[in-house]
There are 2 protein chains.
Amino acid sequence: MNELRALDLAAGDPATWQVSEDAFDPDAQLHSETVFTIGNGQLCVRGSFEEGYPGDHPAAFLHRVWDDMPVSVTELANLPRWWGVDLWFDGERFRLDTGRLLAFTRRLDLRTGVLSRTVRWEAPSGAVVELGFERFVDFSSPHRAAVRVSVASDRPVQVRTRAGLDAHVENTGLLHWRVVDQGADDTAAWLHTRTRTTRIDLGSAFAVTLDGAEADAAAGGTDGVPTVEHTFVLHPGRTARLTKHVAIVSGVDAVDPVTEASRLAKEASGAGWDALREESDTAWAQAWERSDVVIEGDPEAQLALRFSLFQLLIAAPRFTEHASIGAKTLSGFGYRHHVFWDTETFMVPPFSYSQPEIARNMLMYRWHGLAGARDKARANGHRGAQFPWESAGTGEEVTPTWVPDPDDRTKLIRIWTGDIEIHITADIALAVMQYWLVTGDDTFICEHGAELILDGAVFWASAAALEDDGSYHFRNVVGPDEYHDRVDDNAYTNQLAAWHLRTATAMAGWLAEHHPGRWAELSAALAIDGDELERWSAVAAAMYLPVGSDGLLEQFAGYFALTDLDVAELRDPSRNVSMQQLYGIEGIAQTQVLKQPDVLMLAYLLPELFPGDGLARNYAYYDPRTDHEHGSSLGPAISAVMACRAGEPEVGYQHFLRAARADLVDVRHNAGDGIHGASAGGLWQAVVFGFAGLVVTPHGWHTTPMLPKHWTRVEFGFDHHGVRQRVVVEA
Amino acid sequence: MNELRALDLAAGDPATWQVSEDAFDPDAQLHSETVFTIGNGQLCVRGSFEEGYPGDHPAAFLHRVWDDMPVSVTELANLPRWWGVDLWFDGERFRLDTGRLLAFTRRLDLRTGVLSRTVRWEAPSGAVVELGFERFVDFSSPHRAAVRVSVASDRPVQVRTRAGLDAHVENTGLLHWRVVDQGADDTAAWLHTRTRTTRIDLGSAFAVTLDGAEADAAAGGTDGVPTVEHTFVLHPGRTARLTKHVAIVSGVDAVDPVTEASRLAKEASGAGWDALREESDTAWAQAWERSDVVIEGDPEAQLALRFSLFQLLIAAPRFTEHASIGAKTLSGFGYRHHVFWDTETFMVPPFSYSQPEIARNMLMYRWHGLAGARDKARANGHRGAQFPWESAGTGEEVTPTWVPDPDDRTKLIRIWTGDIEIHITADIALAVMQYWLVTGDDTFICEHGAELILDGAVFWASAAALEDDGSYHFRNVVGPDEYHDRVDDNAYTNQLAAWHLRTATAMAGWLAEHHPGRWAELSAALAIDGDELERWSAVAAAMYLPVGSDGLLEQFAGYFALTDLDVAELRDPSRNVSMQQLYGIEGIAQTQVLKQPDVLMLAYLLPELFPGDGLARNYAYYDPRTDHEHGSSLGPAISAVMACRAGEPEVGYQHFLRAARADLVDVRHNAGDGIHGASAGGLWQAVVFGFAGLVVTPHGWHTTPMLPKHWTRVEFGFDHHGVRQRVVVEA
């Protein structure tokens, strides 16, 4: 476990609304850039400094601006750098790797999404300068952001500022933009870029003002970098303040994004910083009113949960139903912003309960991807809709089939998940059903959700193979536990497929009864006739689902025969690698050690499949065989819930902490690549479904709380069939 | 066949020293950029405009500045754009896609390597401006280049010029540079960049002067783009002239490349354009004195041959023995500058005959790569030195194993050449022996060449497989004809391997007799004892080399049984694709149609293997089965020689024209990716070895000319054992 670094997790409220650091550590700068990401559900920007720093990964992303790339197929294009402000004092460029850093603070206010920084810096010339930086992305509208820099000095200094837009950005060494045109005058600048393959136009613009000094302003720049420069003499006791109002609009969202961006930037500049902050803060207050979860007695848990919710709120598609949240949100380059099962299984639930209109956007993203899912099923010789393991702009499969071998630059490694990790189709169905259960949104189900469920069932029935034993099998698949890939009869996959088929049968009945017109339409479009419905029942009934007399499910055919290592014994606090790294990909596959426990994941999602002491028996077997410390980042939060259900909240709390620290403490040393979105969503589930024990049924809801002993109170709200509910659990 | 476009190939001398165009065709700009590449054997720059143009592929390359890349492993990093000069007239940016182009000429003087361009342009404001551009890369030293721009106008105009260095360059979407530092004042600028993976430092610098106008000068730019700007009023009747002296130095060539580049640029600027031109022109005159081949009676042939020689001269390593010429020279991104068999088989011979010190550099490049070749042999379970199919900076194998499928962005195609196209080891040996034959350079052979030959033989003897038939075989290989890959007993490969083993045996004997100390050293280092020598003889003697009673060699086992299409009958002037594109990769492999004829290539290189009417018989069989029109760009020049040897010089001339037009006319529509270096070297071979019929033997040399009927005279020189020879062939 790493140090908590400078992140102040100790104090009570208001510290539980604030992520902060009081020193700058260049070695941890990529981690901090991720942690200090801000956004508005459309536009996100990493916490990269306005003035830059060597080795930083400056990035901002906008939903839906995809462009092609080699190997990994497609990714969101890193936006032209719009938050940059370069500064010179007496001709010396300000950057933290020059001069002398005398004091530094950085603070993210989760309540308002404002990132601020103070710097006391001694220039190489000897002048001591106080700098203040603030930025926010307007939470009340999709396109606006603002940056403010204030400077003061202990002696008269000549100051030069350069506010710019910079098209020379990259996605880890790859270029996505071509510069089309640009312009600048002494108050504003604009830039027109276009993605190289997808040819999406982007308008970036800013309007800039400088207060507190008599400044000369001039347009400047080079190709791809329009700038506005100010020069002035800064006198002691005075504070000069540069305010840069920015607008970013893509051709996906506007007919003339360049004109629109300029218009929005100037309009915002006219309205002013305070007016914009007020609108944005109001929107944030409304969002928190619906999504906040209060934990009393544990400031670290409270801050971590708010931080996780903040990261989900800024990435979740609030302004479109054509985007969803990628595995690493909009906060980095990891997994190229592709959408995996993580989204429906881990990130949709907090929204289904607290802000269902956002959950609906995310589910609609899948509905808009149905054509791609159908193509994938067809390409594999099946019918129906087989959702892609990795999805981007169109819903087609975008999992890379090969990736470069990090150990040998001339070799590639085959990636099988896109071919055979098929459970995602049922994971999406689960999210639809959970959304329906809590929202009662029959309209969505009738118009869109049912189609997702029904065409997924067509796929399962088409893909299931009837064998000589009279059972249906799925062979050569990957379950959630990726330590064991290419297995037969994965319990998670088979059980979910059977559940999906049963659910679809019930859905067909509901539609036929309550919306006969829609049923007629859908059943015709999807070719669901009586034979097909019979086939669903037959496949679900004869799905190969072995359960031993001891109530144990075997994770996949042959699992119990694998080498049974004692994970606890192998536990070594000094070891900082996964069991897979320790034993090798082939080696770990020969053991029962799990990256994450498929059977317990199944028990989490579908507890009705584990009647009596089924859960306890399976928990007792699989939990000790899980590589909790270094396995999947998806695991700990769910393990926390399962420990609660097994009556062990203190064990659950240890799992919870592991999830809570995934990004704030950079447990896996990869937070620089972006936020672990699944862990963030899982953290909410651990608190709400685990410690608070919320259960929604068709007949209402109840809680069976199981708080860690030092938690004194948990309180949150959720929307149940459109009616706000308040849940309070006290120790 | 395409139009000859605007390239003026019609006139006599001096047009035979000049490639020119009199109009600008944006659709052909990538082709023209390649054709108008200039350089000095160290630094090359494509003919991209100083002011840029939308969709251009601006590029300059410096030998040895490799950086890693995905999939294709490594490539030369496109240099920061050093030849750029941006211009504004009355505030309007000059570029050929704006305003109105009234007149345009571009001219490459092959004699001096100076590229010049004149433009008459009507600005959007209505002013008519005359612009002249000139650039050259100093042929007398490795690091210097210069650009000059002159402007005149029909009315007073406000002119702004911006000379810069631009680090924001790319290799087809990939970034290789990080900006380390930069600087500019009102007379000069410098830039320090570093490759991302290989961490090679690069210093780029320029010093700039402006004559003919009272100008204000100022430093400027943005990050990665230091600039010097001039502003002035240009009066009618006056010509203002900006001269930019540039120096480019890499950390491979200097300890402090940044300081050195600045020093060289200022020194050059002090000496002045004319002084530099004089040095450069003198070096060019010396090079042409040795390399020129005069063809009388055929201006197109004359110009094409000089153009080919020019392209080889600017790419050939004149200042280092750690680089060679890649398949597409230093003129584009094609094949990522990797060195194939093309180099030794097609490009080294012109230098072995005319400028042997350059041939020696290229062979030394292979000698420095011996460690990589030994690693490759070992990795394949063999001994000795197995040269890589594709080689870059270190001599390790850099052939990509997979490349993206152009038809499906989620798929990759397996590339087998790096695994099994093994003939290159013998091709290198052939080039060494030819170099020795013509130069008599015993010192090189003793110190380096013998090691290449001997350790290659160790590889062949180690890799040859003795089978039950008592013969040695190489199975699953690729010969030069890549329409048929993964074949057994390729005639070209087997015959060359046997030749290589016999040659190495003789080399061992020569060394032992004449340089016993070196033999003792080498034989010990390479573990060549009596048993090894016996094995060489045994393998060579029992190599599987089937020759039918009709004297026909079978290209590979089973070739004669393939479908025998009539290529002549399939010929269709309207068709513009290869037979492989027509029949598909799998389809064409099932026929006898050849991309290039392996057996005739063998007959070309080792005519002694085809006694009596062997050549005639094999020519009669294989030549008609070759896809001459659209097969390999390596084929036509060699086919021209073989036609001469078969007594058909007019047929040979048709092949010759195909090679002559490879780049000047862009026959394959891929000249934009770079010069076809093998075709360029082959063109010289077609004239010297084909039409002039030069043969060097251990006992001297002779010619058996076979001129096309309209050629009146061919004249050239070559160095025979250090003594200049003059060859004149008259009709």
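1. In this predicted model, the centres of domain 1 of chain A and domain 2 of chain A, taken over C-alpha atoms, are separated by 37 Å. Domain 1 covers residues 24-288 of chain A, and domain 2 covers residues 308-730.

2. As for how the two domains meet, 40 residues of domain 1 of chain A are in contact with 38 residues of domain 2 of chain A. The area buried between these domains is about 3200 Å², and carbon and sulfur atoms give 69% of that area. On the side of domain 1, the residues that lose the most area to domain 2 are His31(A), His63(A) and Trp66(A), which together account for 18% of what that side buries.

3. Turning to the polar side of the interface, 18 residue pairs are counted in polar contact between domain 1 of chain A and domain 2 of chain A, with both residues of each pair at pLDDT 80 or more. The rule finds one salt bridge across this interface. A salt bridge joins the side chains of Arg336(A) and Glu75(A), with a distance of 2.7 Å from N to O.

4. The side of domain 1 of chain A that touches domain 2 of chain A draws two or more residues from each of several elements, namely helix H1 (29-35), strand S2 (38-39), strand S5 (66-69), strand S6 (73-76) and helix H3 (273-291) of chain A. Sorted by class, this side of domain 1 has 19 nonpolar, 17 polar and four charged residues.

Key: Residues numbered from 1 in each chain as written. Chains lettered and ligands numbered in written order. Predicted model: local features only at pLDDT ≥ 70, side-chain atom pairs only at ≥ 80, totals over all residues. Heavy atoms only, no water. Domains from an automatic or database assignment. Contact = heavy atoms within 4.5 Å. Buried area = accessible area lost by both parts, 1.4 Å probe. Salt bridge = Lys/Arg side-chain N within 4 Å of Asp/Glu carboxyl O. Polar contact = N/O pair within 3.5 Å; in protein donor to acceptor, adjacent residues only side chain to side chain. Helix = DSSP H or I, 4+ residues; strand = E, 2+ residues; numbered from the N terminus. Nonpolar A, V, L, I, M, F, W, Y, C, P; charged D, E, K, R; others polar.
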